[in-house]
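Thanks for making time this morning.

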Amino acid sequence: MPSVKTFEKTHMKKEPRGLAHSDSQEDFEETPTWAAVITVLGYALLTALGWLRDFLRNIGLEDKKTAQDPNPKDFVPLYQSYECFYTRNLYTRIRDVFNQPIASVAGATVQVMERLSTDFNWTFQFSGKKLPSINLGSYNYLGFAENCGPCSDQAMKSIETYGISSCSTRHELGTQNYMNDLESLMAEYLNVEDCIAFGMGFATNALNIPALAGKGDLILSDKLNHTSLILGARLSGAAVYTFNHNDIQDLEKRLRNAIIHGQPRTCRPWKKILIIVEGVYSMEGSLCSLPKIIELKKKYKTYLYVDEAHSIGAIGSRGRGVVDYWNVDPNDIDIHMGTFTKSFGSAGGYIAGKKSLIDHIRIYTHSGCYSASMSAPIVFQIISALSIIMGRDGTNDGQKRIQQLACNVRYFRRQLVDMGFIVYGNDNSPVVPVMIFMPAKIAAVNREMLKRGCAVVTVGFPATLLTESRVRFCISAGHTKEMLDHALKAMDEVGDLVALRYSKRNSPRRWHELNRADYDKEYF
Amino acid sequence: MGSSMTRGDIESLATDFYDLLESFKHAPVYHLSFEIFLVLAVSWLVFFRKPRPIEKKLTEKEKQELIDEWQPEPLVPSVDPNHPALNVRVLDGIVGKTVEIDGRKSLNFATFNFLNFVGKQRIADKAIQAVQKYGVGSCGPRGFYGTIDIHLELEERLARFFNCEEGIIYSYGFSTIASIIPAYSKRNDILFVDEGVHYAIQKGVEASRSHVKWFRHNDIADLERLLAEQEILDKKNPKKARSIRRFLIIEGLYVNYGDICPIQRMVELKYKYKYRIFLDESVSFGTIGQTGRGVTEYYNIDRQKIDLISSTLEYAAGSIGGFAVGSSFVVDHQRLSAQGYCFSASLPPLLAAAAIEALNIMEEENTTLFETIMDKSKRLHKKILSIKGYIVNGDEISPLKHLRLTNTLNTIGRLEEIVQFAQSRDITITVARYLSDEHRLPEPSIRLILNVEMNDEELEFLCTVLQEALVKVTT
């Protein structure tokens, strides 16, 4: 049976200052049993049809449309048939709703390139038409994905001064003075001693965890951690145990057992234990319970690695991530990690913490010796976005963006909840997953939303659990109230069309039935 | 007591014993076997059974003591503040043919700027136009509205440049090949890997968890030995052999050695031993071959025979990122399976625009650019060889050269001194930096990189400075 989650937590601490909201709730409403049953049946039916069609293909009644191996037949097949079963028979049916190309800046609105298929999604042709849509898919939390304004001006100027690339690694000749500027500014922003920046967020995790842990160490990783964290942990050579998502009791149990029993077989004590969590989980919209984890970390003398990829800039009254949101001391977290891709509208990632830690990473990071340093325009975009957020540009634009995002998130989330959708995650999380459960509805929701001018991201198995397909909205500070209303109206219609109002807690209501005054209060 | 026993008693005892024996005869077999089993079981219990240790669960108090006692190691060991990585040269301005360090200009023989595309106005203009249209970041992975038309254009252009069916781009050079290998090669599969491959390939190999067979750098005989060994194993277990995928992982021009891979023979062997070839052309793309298409062009090998060519945009192309080209059958799989592609933000559009313009220049220049660089590489090679005291390994036409001192003199300290001396004479060179956990750590060397726009005088000046440095270091 599908895993049915039922837990509800009330945050221990209220946000200290700034926005006027009371308790925030983390909510994962139970999947209705009937929906779970139908979802599993849906997948069973699709699989049975897949088998039938594979059989027809094998006896030659149906064309094989997949590309064929150019090597002779006696080579071992590059893919096992069962490995591509899902891609061939399930994914291809709704391939049009994934990887949709765009032809503009990925800002609050976006031009989606229309694709047509004459052969049931095996190939696509571009019609040349661009569909202007509200962008609810990009991680543009603070709205810095802009092609004009101070950030892109700085970026363009830097291309003239520094070129595109240095063609060298940080250890050789890739350290330009702007790299030092960026790192010291970021360290100041995070209120830590030092910081090091890298050219890719994914690689920041994958190439630096091996410098922090090794054989004889234990990594305790949240079950829903991002692939880059899992890859980094695997490459490090340390033992990796997972604990249930955001489950503090489970984490404590595992920590105790690990310390008491030591390493398997040899029973030697672990050299050190590293807990790896994310600030905001990108598929669940949940926030990590940082104060409790810090408590455990201190109690059991472990180290803590927090990946703030989705939370830096997007959460907290000053935009400084979950550290800011929970108002904890940044020094209680040993390793701060985050990306520049999302809130800063650029690319890359950083690691920050004590100077001794950063010096160690500077020496042992894989990317220091083996990959090109960051491109100047990428760095200047970050520096100028960061100065705006910190208020260094002499305006309050940064603070406005942070507040706008917080308002938008609550405005959007509350209405979805009140309309009877099952919405996952924390009330303040800019990632808003709405459950659709059934595989056929993935395509329906995406296509219908696009028809109504909303570009949304829909995800299903294997990115989520089999029965937990969802549509995920990422709210941006760039969204205006009109845009959000438009998206909500669209969601209202689509929810009605394909029956998405699963919630048992909130009775299904149409958008126009909601009392507008309740939500307008969110806007001051 | 014995004396009191009468004769009759003894007789009756004997009869009893006889009766007992008789009763055995009549007893059913199961009864007998059961009794024998009982006797054996009792003797085993008495003589052979080892006492089992009595398990004692830890009490809560003991557990707490263990927890209190445990002292972790520090998160990171203390670092040497004099480590070269903490004392790097900080640059200002464009890192082109010349660089500016501490306000002084010097000739640059250190960065991978083979074709001098860094700072080229044409490329900068295109990048600026891209910022004006798309902004800087792409704000999402390829799957979630991070695919921009300019990415598709670059992929198509790269495929056309290499005359392959399909291309795919990554946002980071390191993560390209490091994601590609584990996308195809799984547990139980076999990778034949050259010992001299660069670090990103080593990490890809590690992440795949496949069986790895390392052969000596550029040694075909050693590779054949491993292949023959595997063939014998396959014959023993043909059923298993039919499910083991085999891959040959090589570089076109080895970044750690500056020599070219003997790929013709490897392609011949491919059809005998049924392996697939993954060729990394990081350095050779844009530097080797009549039109810069890498070693396949240099050796005139049909590119259909190479299953996948991967490379980077961070060297000759003067941008950031990586790419792979090959048949759709092979490349398309990465779009759902290569972690560095699916789970990472896509390449910033301005970098894609710069790469497209770099390809434009390469295609327009056709042969002249590449003939010049190969020609100059040869000249530089000869010039360095003429200086007594230096060794330069690798191929003449390689624009990347590893410079070493003869035998015992070759220490990292001396090389660093040479680099410092050259810097004081306004020549920027660098010692090749590696992490200590390389599969096979190359001997220390100075990595010289030839920029195509260096003229003869400048090459001559480099050699003069190198010679002076040598004198200074050895005396």
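This is a predicted model: local features need pLDDT of at least 70, side-chain atom pairs count only at pLDDT 80 or more; totals for chains, interfaces and linings use all residues.

Let me begin inside chain B, where 22 residues of domain 1 of chain B are in contact with 24 residues of domain 2 of chain B. On the domain 1 side of that contact, helix H17 (368–385) and strand E12 (400–405) of chain B each supply at least two residues, and the largest share, 4 residues, comes from H17(B). Sorted by class, this side of domain 1 of chain B has 10 nonpolar, 8 polar and 4 charged residues.

Chain B averages a pLDDT of 92, and 98% of the residues score at least 70. Where in chain B is confidence lowest, and where is it highest? The lowest mean, 80, belongs to helix H1 (residues 7–26) of chain B, whereas strand E10 (residues 322–326) of chain B has the highest, at 97. For the model, the scores are ipTM 0.91 and pTM 0.90.

Two annotations on chain B come from UniProt, both from an unreviewed entry, and I pass them on as the record gives them. The record places "domain: Aminotransferase class I/classII large" over residues 107–394 of chain B, and in the model that span is 48% helix and 14% strand, with its end C-alpha atoms 23 Å apart. The record also places a "transmembrane region" at residues 29–48 of chain B, a span that is 100% helix and 0% strand here, with 27 Å between its end C-alpha atoms.

Phi of B:Tyr145 is near 60°, a positive value in a residue other than glycine. Is B:Tyr145 buried or exposed? B:Tyr145 counts as buried, because 29 C-beta neighbours lie inside 10 Å and the cut-off for a buried residue is 20 or more.

Let me turn now to chain A, which has 16 helices and 16 strands. The radius of gyration of chain A is 24 Å, close to the 24 Å that the globule rule gives for 524 residues, so chain A is as compact as a globular protein of that length. Along the principal axes, the C-alpha atoms of chain A fill a box of roughly 65 × 65 × 55 Å, and buried residues make up 52% of the 524 residues. If we take the contacts in chain A between residues at least 6 apart in sequence, 70% of them join residues at least 24 apart.

Chain A is also divided into two domains, with domain 1 at 96–135 + 405–520 and domain 2 at 150–389, and their C-alpha centres lie 30 Å apart. Here 13 residues of domain 1 of chain A are in contact with 10 residues of domain 2 of chain A. On the domain 1 side, strand E12 (425–426) and strand E13 (431–437) of chain A give two or more residues, with the largest share, 3 residues, coming from E13(A). By class, that side has 8 nonpolar, 5 polar and no charged residues.

A cis peptide bond, with omega about 5°, joins A:Phe461 and A:Pro462, and A:Pro462 is found in the loop between E15 and E16 of chain A. Further on, A:Ala499 has a positive phi of about 55° although it is not a glycine, and A:Ala499 sits in the loop between helix H15 (481–497) and helix H16 (516–520) of chain A. A:Ala499 counts as exposed, because there are 12 C-beta neighbours inside 10 Å and exposed residues have 12 or fewer.

Finally, how many residues does each chain bring to the contact between the two chains? Chain A brings 102 residues and chain B brings 96 residues. On the side of chain A, the largest share, 8 residues, comes from helix H3 (residues 150–162) of chain A, and by class that side has 48 nonpolar, 39 polar and 15 charged residues.

How values were computed: Residues are numbered from 1 along each chain as its sequence is written. Chains are lettered from A and ligands numbered from 1 in the order in which they are written. Two residues are in contact if their C-beta atoms, placed from the backbone, lie within 7 Å. Ala, Val, Leu, Ile, Met, Phe, Trp, Tyr, Cys and Pro count as nonpolar, Asp, Glu, Lys and Arg as charged, and the others, Gly among them, as polar. pLDDT is the predictor's confidence in each residue, from 0 to 100. UniProt positions are given in the numbering used here, feature names are shortened, and annotations may be inferred rather than shown by experiment. The radius of gyration is taken over C-alpha atoms; the globule rule is 2.2 Å times the number of residues to the power 0.38. Domain bounds come from an automatic or database domain assignment.
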